[in-house]
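The following note is intended for a colleague who is new to this structure.

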Amino acid sequence: MKRVYNFSAGPAVLPEEVLREAAEEMLDYRGTGMSVMEMSHRSKVFEGILNEAESDLRELMHIPAGYKVLFLQGGAHLQFAMIPMNLMKNRTADYIVTGQWAKKAWKEAQIYGKANKIASSEDETFSYIPDCSDLDISSDADYVYICENNTIYGTKFHTLPNTKGKILVSDVSSCFLSEPVDVEKYGLIYGGVQKNIGPAGMVIAIIREDLITEDTLPGTPTYMKYKIHADANSLYNTPNAYCIYMCGKVFKWIQRTGGLAAMKARNEEKAALLYDFLDESRLFRGTVRKEDRSLMNVPFVTGDAQTDAAFVKAAEEAGFVNLKGHRSVGGMRASIYNAMPRAGVEALVEFMRKFEEENKAHV
């Protein structure tokens, strides 16, 4: 069997080592005679899987005792509503709009109160991160919201915004566990796991305990209350049990490979290989301001739609899949998450060199 190099933005590549472990346990998880897919989420065995996953995540991220870890269904989109329902006490929040997902979150929040767009990079197709050192933060804002890594556009907040004492809420879906993080800088940090941690179908939310209260907006459904899930240890209803199991395996894989500091170093090396090539290429070019480039998502173009399409087709035939850019921007995008090996990026760069040489007429 030959595996392709999968550059998908999500669901995305998982560590081969983890996939093999899961395959070995598919029919019989540690002598239970059943798969994790089949066991009760109320069983002692699954309780152990859940608690160990949370413990490993806390260790990886150095999550303080004053924060709850919740394994929730619904993905990031559900959080766009769940966050204002639970945190918008004054019916006011400030949003920094740096891409499609932050924009969707901002629009969703408008249903529940006054959502102020206090900064945006939409004027240049979200190709940069605006200066957030001295923003006009609303005096009555309940929180300031960002999408920390913009999957579609390939930008990253390398410096967190100055929220002037307001709670920072961050969607880290596409940079989750790619580098060390100071959890105490956030009131709530969350991400869909399908990009960098596990299979699709779940979000992990890390929330400061004082923000988890009964005081939610009127009409908030029971399921949409953080307190319900926190009090039930993520077992209010049947959770995405197999996804939690897989995420737990990825947490251990990150631990075995050196933790988040080592992961960041590897990610920086991989990204440098691709960005260095793009900066010297006569055919391809990156689309993001250099100081705001993401380590996870690298968008690039040739400047000609037909050449872009020809490249994507040739790359797929050569075993480099899911390089087509998001439908809203076109071009190409290579998502080089934690599980993408350095060899995959090296092979992609070599293929791009070859394609450029063969398409000199377009240079």
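1. Met26, Leu27 and Met37 together make a nonpolar surface patch of about 340 Å². Patches are made of residues with over 30% relative accessible area and no salt bridge, with like charges joined within 9 Å and nonpolar side chains (Val, Leu, Ile, Met, Phe, Trp, Tyr) within 5 Å. A salt bridge is a side-chain nitrogen of Lys or Arg within 4 Å of a carboxyl oxygen of Asp or Glu. Accessible areas come from the Shrake-Rupley method with a 1.4 Å probe, and for residues only the protein chains shown count as cover.

2. The model is predicted: local features need pLDDT of at least 70, side-chain atom pairs count only at pLDDT 80 or more, and totals for chains, interfaces and linings use all residues. Residues are numbered from 1 along each chain as its sequence is written, and side-chain values use heavy atoms, with hydrogens and water left out.

3. Methionine 37 lies in the loop between α1 and α2 (44-61); helices (H or I, at least four residues) and strands (E, at least two) are DSSP runs numbered from the N terminus. Methionine 37 counts as exposed, because its relative accessibility is 54% (buried means under 20%, exposed over 50%, partly exposed in between, with a 1.4 Å probe and protein chains only).

4. Arginine 91, in the loop between α3 (75-87) and β3 (92-97), has a positive phi of about 60 degrees although it is not a glycine. Arginine 91 is partly exposed, at 39% relative accessibility.

5. The peptide bond from glycine 10 to proline 11 is cis, with omega near -5 degrees. Proline 11 is found in the loop between β1 (5-6) and α1 (16-24).
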